[in-house]
Amino acid sequence: MRRRLLRMIVDAGQGHPGGDLSSADILATLYFDILRIEGSSPTAPDRDRFVMSKGHCTGALYTALAGAGFFEEEELETYLKPESRLNGHPNRTYLPGVETNTGPLGHGLPVAVGIAVAGQIDKADYRVFTLTGDGELQEGSMWEAAMFAGHRGLGNLTVIVDRNRLQQGAGTEDTNSLEPLADKWRAFGWDVAGVDGHDHAALLETFDRAAQPRSKPLVVIADTHKGQGVSFMRDQAGWHHGVPNPEQYTQAIAELEAEMN
């Protein structure tokens with residue numbers, strides 16, 4: 001996924017590699033093991049719902065959707081091209097597997113809460129997952145949604161926070177401090193779990209626990225690194241968006257291949 005999304009960004013001449021790389025392990029674990037979904041039936045009533053609240057990280061999302069069979073992997077080559085379905089922000093009108101349009105931050109979690117409320121009312125057994133950025137948690141709409149989810153006791157809802165501690169231009173704690181983050185969620189009536197967001201085994205164990213019946217919504221605070229897997233991007237706010245030059249791209253692919261071996 002990391003090699004492919006970097007190729008997509010280089011070919012397109014734009015993108016958000018830092019967040020794509022920090023969220024790739026989370027998305028891979030969800031799409032290839034946890035979510036009850038079928039690429040050939042993207043609107044099946046009993047499917048799990050996933051909302052990509054940090055909607056600018058489409059490089060990682062689209063590679064996961066393609067890998068899960070929602071569209072042919074060859075279409076990834078059209079990423080951000082004119083008339084492509086693979087927009088800079090995901091659009092459910094165009095692309096199967098996208099539950100709701102996101103991009104302007106602070107929108108995804110409120111929509112996911114609404115979906116979870118609908119499931120609660122209908123006594124449906126689908127689960128709702130959403131991935132947020134940590135900088136996104138500085139939006140008031142996120143905490144309004146969190147308060148309402150706690151009030152409703154939405155045990156069918158799991159939020160994963162991509163806690164890479166960097167947002168566009170600076171660290172989250174320098175911009176508008178989020179700590180003590182876990183205590184904030186608990187105060188809103190949520191169960192809280194922490195996990196290494198790059199450890200697939202730990203992610204699987206945490207998400208498997210999330211699938212058990214609950215009386216409260218669950219937030220999983222996933223400790224990650226912006227630009228994970230590429231040394232010159234790792235923990236660098238400047239790679240929130242940007243495009244590697246040819247020399248950087250060659251280095252990045254070599255590092256990712258070395259890690260795989």
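## Strand E3 and its partners

E2 (residues 128-133) and E3 run parallel and are joined by 6 bridges; two strands count as paired if DSSP finds at least two bridges between them.

A word on the model: it is predicted, with local features needing pLDDT of at least 70 and side-chain atom pairs counting only at pLDDT 80 or more, while totals for chains, interfaces and linings use all residues. Residues are numbered from 1 along each chain as its sequence is written, and side-chain values use heavy atoms, with hydrogens and water left out.

E3 also pairs with strand E7 (residues 218-223), again in the parallel sense, over 6 bridges. In E7, Thr158 has Leu218 as its bridge partner, and Ile160 has Val220.

## The sheet as a whole

The open sheet has 5 strands in the order E1-E2-E3-E7-E6, with parallel pairing. Strand E1 (49-52) and strand E6 (191-196) stand at the edges with a single partner strand each, so one side of each has no neighbour in the sheet. From one strand to the next, the twist averages 20 degrees. Helix H8 (residues 200-210) packs on the sheet and touches E3, E6 and E7; its direction makes about 165 degrees with that of E6. Those angles run from 0 to 180 degrees between N-to-C directions, using lines fitted to C-alpha atoms (for helices, over the stretch in contact).

## How E3 is enclosed

For E3 (residues 157-163), 7 of the 7 residues are buried, so the strand is largely enclosed by the rest of the structure. Buried means under 20% relative accessible area, exposed means over 50%, and partly exposed is in between (1.4 Å probe, protein chains only). Both faces of E3 are covered, with Leu157, Val159, Val161 and Arg163 on one side and Thr158, Ile160 and Asp162 on the other.

Ile160 is among the residues with the most contacts inside the largest nonpolar core, which has 45 residues; Leu30, Tyr31, Phe50, Tyr62, Leu65 and Phe71 are also on that list. A nonpolar core here is a set of buried Ala, Val, Leu, Ile, Met, Phe, Trp, Tyr and Cys residues joined through side-chain atoms within 4.5 Å. A second, separate core of 25 residues includes Ile115, Met142, Leu154 and Ile221.

## Two buried aspartates

Asp162 sits in strand E3 and is buried at 0% relative accessibility. Its side chain makes a polar contact of 2.6 Å with that of Ser22. By polar contact I mean a pair of N or O atoms within 3.5 Å; within protein, one must be able to donate a hydrogen and the other to accept it, and residues adjacent in sequence count only if both atoms are side-chain atoms. Not counting residues up to four places away in sequence, Asp162 also touches others, including Lys54, Asp134 and Thr224, where contact means heavy atoms within 4.5 Å.

Asp48 is in the loop between helix H2 (17-34) and E1, and it is buried too, with a relative accessible area of 2%. The Asp48 side chain reaches the backbone nitrogen of Arg36 at 2.9 Å, and makes a polar contact of 2.6 Å with the side chain of Arg127.

## Loops worth a look

Phe188 lies in the loop between helix H7 (181-187) and E6 and is partly exposed, at 28% relative accessible area. Leaving out residues up to four places away in sequence, Phe188 touches Trp143, Ala146, Met147 and Gly150.

In the loop between helix H6 (172-175) and H7 you'll find Pro180, and the peptide bond from Glu179 to Pro180 is cis, with omega near 0 degrees. Two residues other than glycine have positive phi: Glu83, near 70 degrees, and Asp235, at about 60 degrees. Glu83 is in the loop between helix H3 (58-67) and helix H4 (108-122) and is exposed, with a relative accessible area of 84%. Asp235 lies in the loop between E7 and helix H9 (246-260) and counts as partly exposed at 34%.

Terms used. Helix = DSSP H or I, 4+ residues; strand = E, 2+ residues; numbered from the N terminus.
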